[in-house]
Amino acid sequence: MTTRLRESTADRISNLPDGAIERILVFLPIKDAAKTSLLSRDWRHRWRSIPQLVFDDRFAPLPEEDDCGNIADDGKDVVLKIYEALLTHDGLLTKFELSIPEFRRQIPLDLLILHLSRKAVQELALLFEDDNYPKLHSSLFSPAFPLKRLKLKGCEFKVPSGFAGFNKLTLLELEDVVLPDDFYQNFLPCCPLLEELRVIDCTGEAHVFVSPSLKVLLFHSCLSKICFKYTPLLSVVSVLDTNEYTYEAGSFVKDNSDMVDLFASLPALQHLNLGIELLLFLADDDHVPYKLPKPLHNLRFLEVPRILLHRLPQARVLVCLIMSAPNLKRLTIRLDDSDEHPPSKVIGSLQKLLEAEDQLGFCCLQHLEEVNIHDSRGMQVELDLVRFVLATAPVLRRINIQRKEKLSSKKALKFLNEMIVYKRISKEAEIKYV
């Protein structure tokens, strides 16, 4: 009985369908997948046909330093193992990722990219940490390369002349990549199916986004100009400047575009993350309207990660967006403390602005459910905003306020006592103050 039971349960994994075994191997680190070749004769070559090859820090951990701080391992063995895995791979290869942190040895990209293009890889990630910024081989831009997802980091992205485009590309993610100035205007139209674009800490100027298929844009880089042309499906926009900034609007290149033109090109906008550079650019306009001519009917989530709420130009931009979004559900702002002693003449400006909006009948907080205020300093402008929201948002559920650490307990208590007596149009509205 015992012998029969052992025979029936022996090597259950080997008896699984090939598709199931393939999925198991894909989820293993590449080194562990290769070790399965030692299990038996049947397993000797199974790992060589897995459709995904991922070479990350699990494949090549950081080499140890000797007492003098020198690294004995120059990475030559790592490069050889990568090429061995590629050259002996048998079958369909859909994904290839090379992302080994702190790996300093130069990898011959020409042969690597050429080989991957011949394997018809659909998802490619080349993530480098060194300062060499290698140039990508021209075979990357071959029409025979059926890329659907491309992620690059720490390299130079130069599109060759005569580039026909990535006809199947749906996602492009670039981090710390050297880009030509005309990249956005000339490259994006060559990707007719591109849905998601992520740009982090990259070079390049004159950011004109032309993409009829683009749905998600995360632009977290130095910004001098922004313009949207024919982006009817763009629903998620996050524009943040990752460089050190000042509160002087001047880093943007001024042209004929303004707040009205910018948002008129975003009819499908649902989620907006408005960084300080773009906020200052919009606030620098002397004609910020109380409400946009074309309402942002699809805008549900608005985030403003840094704002001086007591400065009237910035407050105007915030109020304009709130009033232009009749279906807004969640508002999140983080208050900046750059002005330790804000001028007294601007205190109360937000209240007057909100009162003007209300009197003109522009209030449209009918769907607002949640408001988040971070780094509260207990200022009057914050109370003005809270009072206005409580009085005009009928389905409001909660206002979450996170006070700044250095705010004294006495001032915080006074701030809270004032808020809790405000009139609330929503019976479910709660205030959480921490």
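L171 is buried, with a relative accessible area of 5% (buried means under 20%, exposed over 50% and partly exposed in between, with a 1.4 Å probe and protein chains only). The model is a predicted one, so to speak of local features takes a pLDDT of at least 70 and side-chain atom pairs count only at pLDDT 80 or more, while totals for chains, interfaces and linings use all residues. Residues are numbered from 1 along each chain as its sequence is written, and side-chain values use heavy atoms, with hydrogens and water left out.

L171 sits in strand β5, residues 171-175 (helices, H or I, have at least four residues and strands, E, at least two; both are DSSP runs numbered from the N terminus). Leaving aside residues up to four places away in sequence, L171 touches K148, R149, L150, K151, L194 and E196 (a contact means heavy atoms within 4.5 Å). E123 is 48 residues from L171 in sequence, and the C-alpha to C-alpha distance is 9.3 Å.

Now for helix α12. Within residues 409-419, A412, F415 and M419 are buried. They cover an arc of only 65° around the axis, so they end up on the same side of α12 (the arc is that of the directions from the helix axis to the C-beta atoms). An α-helix has 3.6 residues a turn, so residues three or four places apart point the same way. S409, K410 and K414, on the other side of α12, are exposed. As for partners, the buried residues of α12 pack against β14 (370-376), α11 (380-392), β15 (398-403) and β16 (430-433).

Overall, the chain has 12 helices and 16 strands, and 47% of its 434 residues count as buried.
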